[in-house]
Amino acid sequence: MNKMKKYLFEEIAKDITSRIQRNEYKPGMMIPSETELQKLFSASRSTVRKALDILVNNNLIIKKNGIGAYVKPKITSQNILNMVGIIKSDHVEGRKEEIKEFFVRTAGDYYGELLNLKSNELVYSIKLIRIEKDNNKVLEYFILPLDYFTNLKQNDLQLITTLELINSSTPKLFSVVQTLKIMNATDDLSKHLSVQVDAPIFKLSSTYFSKDGKPIAVVRRYEDALSTGFKIDFS
Amino acid sequence: MEYREISPTLKSEEDLKLQVRRGLSSGKYDLPSERSLAEKTNISRTSIRKSIKTLEREDLIKKDSRKGMEINKKHTINLLSAKSLSDELNIKTDQVSTVVLNNEFVEGNSEIIEFLKTSSSIFCLTRKRLINDEIFSFEQAYLNGELFPGIEKINFENKSLYEILKNKYQTIPEYGHETINVKKSDDFLSSMLNVELQTPLFEVVSKSFDASDQPFEYSTQYLIGSKVNYRLEAKNIFDYKDDLE
């Protein structure tokens, strides 16, 4: 039996593809750099590039100049906008983000209770400001248990939307409970959102759960209430 | 990855939020004073004062000069169901009443006319809702009079509009779209809702369709912001089995 000769770049593409399918490389996350891939597969730069081109053509990765390549998220904002039942802001998520805080802390009693963690278990605390297309600012505050969000890197936050970020969890997200309320801008919020202290602010609190009902992530979203709205489809 | 200790102010804030959360679920709404909070924990009075201010701004607690601090109990409205507001409010523990202010045919504006697909027969039901004798919302429901003959003769006082539409006209809301915005109350709404001028209100515009895709109701509701939380639960938000591309 003659074996068909497989080209190395095809083998590499196949290998990376299966890692993506196994969720070893997760949606929205960076894959190893070209240099790292060359070492990993003992291949030349052009071979690695050919492999990456296959993956781009197959819609599995997105290459960003100067940053590298990341696994294409399966969920896009467009799909989210069509889903029934999620409270979503009027604005389509903008691409300009500024990370205000990104550190690890203990969950504490309050988030420990919300996320079913012991007070001394570790969580990521992330605060970021998104500037949407019409120059409106949105402050998002994430508390993400380390156990469910392995390998979160600062770079990842700049490439993906909120939903893609929290969708990188293990176990996967299944359901969400959201509360929308009006509050008055605190000093901190008035500074971040460029509004007056005590101006009305929308606060959207979301707790995401896995399929077996475990709370996985807590997200708070704050924006100027007078310049935005929410749309809901109900049935 | 940097590790940080939680600051005393943040800790005090989170402790208070936990107390609020537990108070809401147990039905106990009073909170210890600022001084006793400082004594019980090792946190400075300054940090506690800051965190109390933050929770006040978030409308989670309110300070009364006589009663001290207490948890702000809000009404929660569940979104995503085509239920009427009457059904949503917790009638088990609260006294809910509806006062009809007006029920008549009106001219409507271009958006209403376009949605209901009629310009000659727009019926408007104007109501105020009270919970435990406190004004909660001001609403105007616009209906296509051609679909509901005789509707102007019905007495809607303390009745559910959707109940009447179901029983008398066999119309049930099947699906719809809602938008939620915030508006500061003007003279008219301030007097309707008995609040100060420029109080932040939820403005909810709802467009409903029946089972045969016929638009039948356009409604505008104004609710006092500090009294309401909207809540939504959604399952299967990412459908892993389907190929979304």
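The charged end of K127(A) sits over the ring of Y141(A), 5.7 Å from its centre (NZ of Lys or CZ of Arg within 6 Å of the ring centre and within 35 degrees of the ring normal). This is a predicted model, in which local features need pLDDT of at least 70, side-chain atom pairs count only at pLDDT 80 or more, and totals for chains, interfaces and linings use all residues. Residues are numbered from 1 along each chain as its sequence is written, chains are lettered from A in the order in which they are written, and side-chain values use heavy atoms, without hydrogens and water.

Aromatic rings
- Over all chains there are 14 aromatic pairs (Phe, Tyr or Trp rings, the six-membered one for Trp, with centres within 6.5 Å; planes under 30 degrees apart are stacked, over 60 edge-to-face, the rest tilted).
- The planes of F123(B) and F156(B) lie at 35 degrees with ring centres 6.4 Å apart, so this pair is tilted.
- F123(B) belongs to strand β5 (residues 122-131) of chain B, and F156(B), 33 residues apart from it, to the loop between β6 (134-144) and α6 (161-169) of chain B (strands are DSSP runs of E, at least two residues; helices are H or I, at least four; both are numbered from the N terminus).
- Both F123(B) and F156(B) are buried (under 20% relative accessible area, 1.4 Å probe, protein chains only).

Sheet
- An open sheet of eight strands with mixed pairing runs β4(A)-β5(A)-β6(A)-β9(A)-β8(A)-β7(A)-β10(B)-β3(B) (strands pair if DSSP finds at least two bridges between them).
- Its edge strands are β4 (96-106) of chain A and β3 (75-78) of chain B.
- Strands β7 (residues 175-184) of chain A and β10 (residues 228-235) of chain B run antiparallel, joined by six bridges; V176(A) has A234(B) as its bridge partner.

Definitions and conventions:
Buried means under 20% relative accessible area, exposed over 50%, partly exposed in between (1.4 Å probe, protein chains only).
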